[in-house]
Number of protein chains: 2
Amino acid sequence: MSKTLVFGHKNPDTDTITSAIVYAYLKQQLGVDAEAVRLGELNNETKYALEKFNFEAPRLIANVKDEAAHVILVDHNEFQQSADGIEDVQITEVIDHHRIANFTTADPLYFRAEPVGCTATILNKLFKENNVEIPANIAGLMLSAIISDTLLFKSPTCTEQDVKAGEELAAIANVDTAQYGLAMLKAGADLSDKSLEDLLSLDAKGFEFGEYKATVAQVNAVDIEDVLGRQEELENLLNKNIADNGLDLFFFVVTDILNNDSTAVAAGQVAEEAAKAFGATIVNGRISLPGVVSRKKQIVPVLTENLK
Amino acid sequence: MSKTLVFGHKNPDTDTITSAIVYAYLKQQLGVDAEAVRLGELNNETKYALEKFNFEAPRLIANVKDEAAHVILVDHNEFQQSADGIEDVQITEVIDHHRIANFTTADPLYFRAEPVGCTATILNKLFKENNVEIPANIAGLMLSAIISDTLLFKSPTCTEQDVKAGEELAAIANVDTAQYGLAMLKAGADLSDKSLEDLLSLDAKGFEFGEYKATVAQVNAVDIEDVLGRQEELENLLNKNIADNGLDLFFFVVTDILNNDSTAVAAGQVAEEAAKAFGATIVNGRISLPGVVSRKKQIVPVLTENLK
């Protein structure tokens with residue numbers, strides 16, 4: 001039980017999976033018995049990145065309490081996004097780039113959050129601060145995470161630090177960022193093998209906005225009609241999810257990765273208020289969100305502010 | 001309103017006051033319009049340190065919402081220990097070395113917590129990471145904070161990093177740490193000008209242990225009978241404080257800085273459970289806590305674990 005597990009959030013994305021692998025590697029170099037694990041199925045984008053740089057998927061775990069006494073969280077801190085059993089283990093570190101909420105510990109810990117676009121950008125600093133060299137394939141994973149979280153540096157979450165880290169890591173990994181990045185994003189936006197149920201859970205995160213319990217899910221698409229074309233089926237699924245999970249809002253965002261816009265479908269008792277929060281109304285069941293691509297920077301703060 | 005205020009917790013101690021001054025200085029060097037402020041009266045130890053290194057006390061503020069839109073917290077994160085109005089301003093950074101609890105933001109921020117003995121030890125790293133030189137008088141303040149929080153490196157909260165930072169800072173400040181440190185701690189343990197009311201609030205922090213609302217206060221003394229000799233008066237004051245503030249527990253710890261032991265007086269409906277949490281009983285109104293000097297490391301985790 002002396003092993004330390006390193007993992008990102010449920011419904012894992014590329015930053016969460018690769019940051020677990022990368023930070024476990026760094027901790028191992030520093031003498032910690034660390035293992036990267038995951039809390040859910042890989043998406044197609046992450047599979048593409050792992051294959052490109054020759055990594056296996058981390059082991060899937062269920063309740064963390066059955067696995068280890070000590071854990072490190074990457075790319076998240078809110079307990080409802082974390083492993084089941086998280087309240088029963090000791091969190092020794094958190095490396096994250098999200099808002100902080102619903103997080104509590106009994107003891108002091110190492111908590112490093114920075115307002116940058118990607119966890120990998122912080123990990124890049126930690127390698128330097130600990131004087132550990134980044135191997136080429138690890139750099140490739142970190143670059144993949146930055147490309148994914150910043151939509152190839154186009155998201156408003158992208159900072160100068162992310163751009164700089166991306167350049168450094170591309171040089172180490174010896175990768176053409178523009179070419180590889182577009183191929184990776186397209187692999188992730190290939191939704192042809194996904195059911196609508198899959199799409200709703202692929203990158204869904206739970207939030208509490210004031211007293212309202214909400215899920216905000218996001219998928220990337222090359223053609224948003226691949227997802228939104230089946231609107232009635234989609235709305236039925238959203239309403240079922242709301243009933244099953246006692247939600248006040250399910251906010252489902254489809255992001256057009258070529259045009260950098262989003263369209264949302266919302267259900268639940270505060271769906272209209274959610275649309276209004278963006279100065280929008282629900283038209284034919286859809287909420288148009290021009291220029292919106294970032295859940296973290298453009299969606300969650302707006303809902304937090306307006307639904308309290 | 002573009003100014004950023006930097007402050008530590010209510011009932012300020014030496015680390016909280018000096019870290020506000022020191023981090024405001026660092027942010028100013030980095031081009032931020034930062035001002036150190038304080039949330040309460042200075043204790044005698046802090047006054048001694050400020051005088052030694054020629055600093056004025058930071059300005060006292062009441063409700064932070066009337067003062068600035070952006071704030072940086074040092075040496076704390078729990079909102080009940082922070083400024084009134086903290087929910088209404090944007091927290092852009094936190095530099096801390098405590099557990100994380102009752103803290104939430106709508107947006108990502110820079111949050112740097114490390115499990116070290118003193119905020120100044122983290123600030124020492126931040127000067128290096130930002131390539132800013134530490135002036136001698138600033139180093140003196142940082143050294144004072146480390147001496148205070150670690151009781152001259154004797155507290156179990158003290159880490160190798162604190163010892164090393166202390167050595168570096170003593171060299172820059174050109175101070176004999178052992179001599180200056182004992183003088184500073186004794187200045188803080190001089191309670192002759194304090195009423196019992198003063199002593200209860202001097203270094204009192206609010207906590208939530210499960211559903212119980214508690215205050216844990218601590219004072220350093222050379223002779224604990226200076227404080228505990230007036231036991232009946234003390235117990236009346238504790239009970240009044242509990243009634244006035246709707247507390248379930250007031251845990252008042254008097255720490256003998258020469259022998260590195262503590263004695264507590266507890267009141268409230270869970271006072272007996274609090275004693276039991278330390279494997280102790282209340283004898284003549286007192287709870288003996290041999291070897292206990294750290295609220296953070298030896299008291300709060302024990303109460304958190306046992307009163308939930």
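How many residue pairs are in polar contact between chain B and chain A? The legends below take up this and other points in a predicted model.

**Figure 1. Polar contacts and salt bridges between chain B and chain A.** The count of residue pairs in polar contact between the two chains is 6, with both residues of a pair at pLDDT 80 or more. For salt bridges across this interface, the rule finds 0.

**Figure 2. The area buried between chain B and chain A.** The size of an interface is often given as the accessible area lost when the parts come together. Here chain B and chain A bury about 2000 Å² between them. Carbon and sulfur atoms account for 60% of that area. Three residues, I100(B), A106(B) and P108(B), supply 28% of the area that chain B buries against chain A, which is more than any other three residues supply. The contact is made by 22 residues of chain B and 22 residues of chain A.

**Figure 3. The side of chain B that touches chain A.** Two elements of chain B, β6 (110-113) and α11 (295-306), each supply at least two residues of this side. The most comes from β6(B), with 4 residues. Sorted by class, the side of chain B that touches chain A has 11 nonpolar, 5 polar and 6 charged residues.

**Figure 4. Strand β6 of chain A beside β6(B).** Strand β6 of chain A covers residues 110-113 and is joined to β6(B) by 3 bridges. The two strands run antiparallel. Within this pairing, F111(A) stands opposite A113(B).

**Figure 5. An open sheet of 12 strands with mixed pairing.** The strand order is β3(A)-β2(A)-β1(A)-β4(A)-β5(A)-β6(A)-β6(B)-β5(B)-β4(B)-β1(B)-β2(B)-β3(B). Which strands stand at the edges? They are β3 (59-60) of chain A and β3 (59-60) of chain B. Each has a single partner strand, so one side of each is left without a neighbour in the sheet.

**Figure 6. Strands β1 and β2 of chain A.** Strand β1 (residues 4-7) and strand β2 (residues 34-38) of chain A run parallel and are joined by 3 bridges. In this pair V6(A) stands opposite A36(A), a residue of β2(A).

How values were computed
Residues are numbered from 1 along each chain as its sequence is written. Chains are lettered from A and ligands numbered from 1 in the order in which they are written. This is a predicted model: local features need pLDDT of at least 70, side-chain atom pairs count only at pLDDT 80 or more; totals for chains, interfaces and linings use all residues. Side-chain values use heavy atoms; hydrogens and water are left out. Contact means heavy atoms within 4.5 Å. Buried area is the accessible area (1.4 Å probe) that two parts lose on being put together, summed over both. A salt bridge is a side-chain nitrogen of Lys or Arg within 4 Å of a carboxyl oxygen of Asp or Glu. A polar contact is a pair of N or O atoms within 3.5 Å; within protein, one must be able to donate a hydrogen and the other to accept it, and residues adjacent in sequence count only if both atoms are side-chain atoms. Ala, Val, Leu, Ile, Met, Phe, Trp, Tyr, Cys and Pro count as nonpolar, Asp, Glu, Lys and Arg as charged, and the others, Gly among them, as polar. Two strands pair if DSSP finds at least two bridges between them.
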